[in-house]
Amino acid sequence: MTVILATTASALALTLQSAPQQRPQPTPPSADERPAAQRDEIVVTGARSDVVASTDRLSFNVADDLNVQNGTLADALRAAPGVDVDMEGRVSLRGDPGVTIMIDGRPSAALNGEARGDALQSMSAGQIKRLEIITNPSAAMSPEGSGGVINLVTKPVRQGARYGTVKAAAGQVGRRTGAANGSLSGKKLTLTGDLSYRRFRGEADATTERERTDLATGTAVRARQVTDDETSMKMRSARLGTEYYISPKSKLTGDFSYRGGSQGTEPVVRSISNLPGATFDRMAKTNISLHSLGGRTSWRRTLPGRGHELAVDLDVDETRQRRRIDGLTEFAPAQASFEEIATDVERTSVHGRVDYKRPFGKDGSLNLGYDRDLAMSDFDFRAVRGPSLDALAPVPSLTNRFDFGQTVHAVYATYQIDLGRWEAQIGLRAEQVELDIDQQTDAVRIQRNYFRAYPTVHLDYELSAADKLRTSYSRRIQRPSAQDLNPYTIYNDPLNLRRGNPFLRPEVTDSFEASWQRRKGGTFYSLSAFFRTSRDGVTDVVQDIGNNVFLNTRANLANGERVGVEVVAGGRMAKKLTYNASGGFLWNQIDPRQAGVSQRRSGTTGTARASLTWQPSAENLVQLNGNFSGPQLIAQGYRRSGGQINVGYRRKIDERLSLTFTGQNIFDTMRQETVIDTPLLRDRIRQQGAGPILHFGLTWSLGGQAGRKRTEPAFDFDQSASAPPG
């Protein structure tokens, strides 16, 4: 963090000196600024979601999606093909839950840890411009994420811009959002900043129906658990960024961010069973507080020769989360039990990167680099329980200290060559991982080191000016999280416990993909086929440990296979009506290694998304979009999320002031069902969300950027090309 602050201070100090009159030389034009014949990317301009296609990714513009700009990061992800975000914030891409989420091409600790679901459902998406879906990244990117990478690209700042935007929206039951952002750009220095606040209140309910076979008697034990939950949440964030041109060929950037907030839930649980010990009423209050600080600094140097440059990056994130549960459980055959459970988690992430790119031969380019990623987590669990608030005593089985540390050293190389109609890129990444698991309470310490290599191949062939074929292969990995590895048993309620597994291995996936892409006029079409095979996959496993108590743990699977196709289309249906649509079909098979826990399962599923944007006049914009996801296969059953319909309307009062209305899940169709079906256990969990979410908002713009025509850059954060941010 000190490095980040020093970088920002240095940039500010340099601007106080007398700046030379000569303006820095402009950087080479982006792909959208070059003539079409000189571009490799395919760009389709639409009113709602422009599509940019490149060798390893598809990019979707969400800057004009009203529900995204007034919503959360989870809403933004739901707008992308193949992406599903369930009601608990779990993200999957083409049916694979192993997804890495980045911001501006760089890792984010908040969006890849155990609290990712909470962050996605609370962080504002107002500054997100595009979503890049990268299913087979090059070797210059980390292989973390078996399903691929989703890169959230924020809105860039134009040189010489001086502007500000203020947004405010209000919804039912006290829901509020507010945001402000601005930029001040001069000849050499650019300052940017943004603030956001989000307040949410809602109600949700869940029903769990459980049936198991008692091994001792052979009789069926049934239980039905109903939960009514009231939730309130307040989140706030702030960011300050600087960009300074040390010289026309050297740029220094710094970024400092803060995110904090609180969440309170009051679940009321009623459990009824033919087993007396599983019949109870439970009331609880859960309070969670979160504080996160992040800092980034980057230095970019353009060297002699086209495409010859050096980049150095450093990112630091520190997060602290506290959770406290005050509960009262009243059992049918016994006296009441009071409890207080507290959990403190501290996470630190440090990522450094050196990237070098240079021309190689007449038509080739070489990219070399080194990455170092350090992740540390400290967990502190404490609990007391007793028959009254005056007689609480520590519970040894619920008191625990756990430390986790992981360091990844990586070197990579990619070589790209353009042979006219053919273009090829090959790459190799080598990683050495050092893992330290220290469960202090039980004196369990495990240290492991392992080495892995990850090859990548990308081939493009230009059929015509409008059509292109693309094929690719990459090896990916999904490492278990700190909580997955923690062998401590966590108490959820009297019937449900959770425990990690310190002996989990990372999942390894080999991914193959082929696609046809066409641009013709204002339309874009893409048809992709993919095949993925994985081993040592990590998934949830539910086990009966007696007395109707169930333990949810994690285990490696022997293997899994996914085969599917995906279609993306976008363009203009009429002069004032544009559309974007996508759909996918997937066959999935899971073959668990642990005999007796589950059996081989396979199934098919599909996803569909569509959006219509109608602009009858310059002042009015109307949007209708929806998404649907079919069942998702899990080791012992499946999970079904359903879909939702959203609407949006924007009324432009003048060039600076506009009014908006958004309605999410307007027909209250967003539900979730999880089914566990094994010879000894049958579970069915039904969840329903907070219902329709309506917002009325106002946006006020001021400064030099208001009313200016937007241009679409190419990929701002293509690490395989070492492109500098911004």
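Mentor: Lys and Arg count as positive and Asp and Glu as negative, while His and the chain ends are not counted. The place of a charge is taken as NZ of Lys, CZ of Arg, CG of Asp or CD of Glu. This is a predicted model, in which local features need pLDDT of at least 70 and side-chain atom pairs count only at pLDDT 80 or more, whereas totals for chains, interfaces and linings use all residues. Residues are numbered from 1 along each chain as its sequence is written, and side-chain values use heavy atoms, with hydrogens and water left out.

Trainee: Which residues form the negative surface patch?
Mentor: A patch is made of residues with over 30% relative accessible area and no salt bridge, where like charges are joined within 9 Å and nonpolar side chains (Val, Leu, Ile, Met, Phe, Trp, Tyr) within 5 Å. Accessible areas come from the Shrake-Rupley method with a 1.4 Å probe, and for residues only the protein chains shown count as cover. A salt bridge is a side-chain nitrogen of Lys or Arg within 4 Å of a carboxyl oxygen of Asp or Glu. By these rules the negative patch consists of Glu203, Asp205, Asp228, Glu230 and Glu266.

Trainee: Which strands each supply at least two residues of the negative patch?
Mentor: Strands (E, at least two residues) and helices (H or I, at least four) are DSSP runs numbered from the N terminus. Asp205 has its place in strand E12. The strands that each supply at least two residues of the patch are E12 and E13 (220-247).

Trainee: What is the relative accessibility of Asp205, and what does it count as?
Mentor: Buried means under 20% relative accessible area, exposed means over 50%, and partly exposed lies in between (1.4 Å probe, protein chains only). Asp205 counts as partly exposed because its relative accessibility is 35%.

Trainee: Which residues gather in the patch of positive charge on the surface?
Mentor: Arg199, which is partly exposed with a relative accessible area of 32%, has its place in strand E12 (residues 189-213). The residues that gather in this positive patch are Arg176, Arg199, Arg201 and Lys234.

Trainee: How many residues apart in sequence are the parts that Arg210 and Asp683 tie together?
Mentor: Arg210 and Asp683 form a salt bridge whose closest N and O atoms are 2.8 Å apart. Because Arg210 lies in strand E12 and Asp683 in strand E37 (residues 681-688), the parts they tie together are separated in sequence by 473 residues.

Trainee: Are Arg210 and Asp683 buried or exposed?
Mentor: The two residues are partners in a salt bridge, and the count of salt bridges comes to 46. As for Arg210 and Asp683, both are buried.

Trainee: How far apart are the closest N and O atoms of Arg445 and Asp436?
Mentor: Arg445 is exposed, with a relative accessible area of 52%, whereas Asp436 counts as partly exposed at 22%. In the salt bridge between Arg445 and Asp436, the distance between the closest N and O atoms is 2.7 Å.

Trainee: Which residues does Gln644 touch?
Mentor: Gln644 has its place in strand E34 (residues 637-652), and it counts as buried because its relative accessibility is 8%. Taking contact as heavy atoms within 4.5 Å, and not counting residues up to four places away in sequence, Gln644 touches Arg78, Asn625, Gly626, Asn627, Asn665, Thr669 and Met670.
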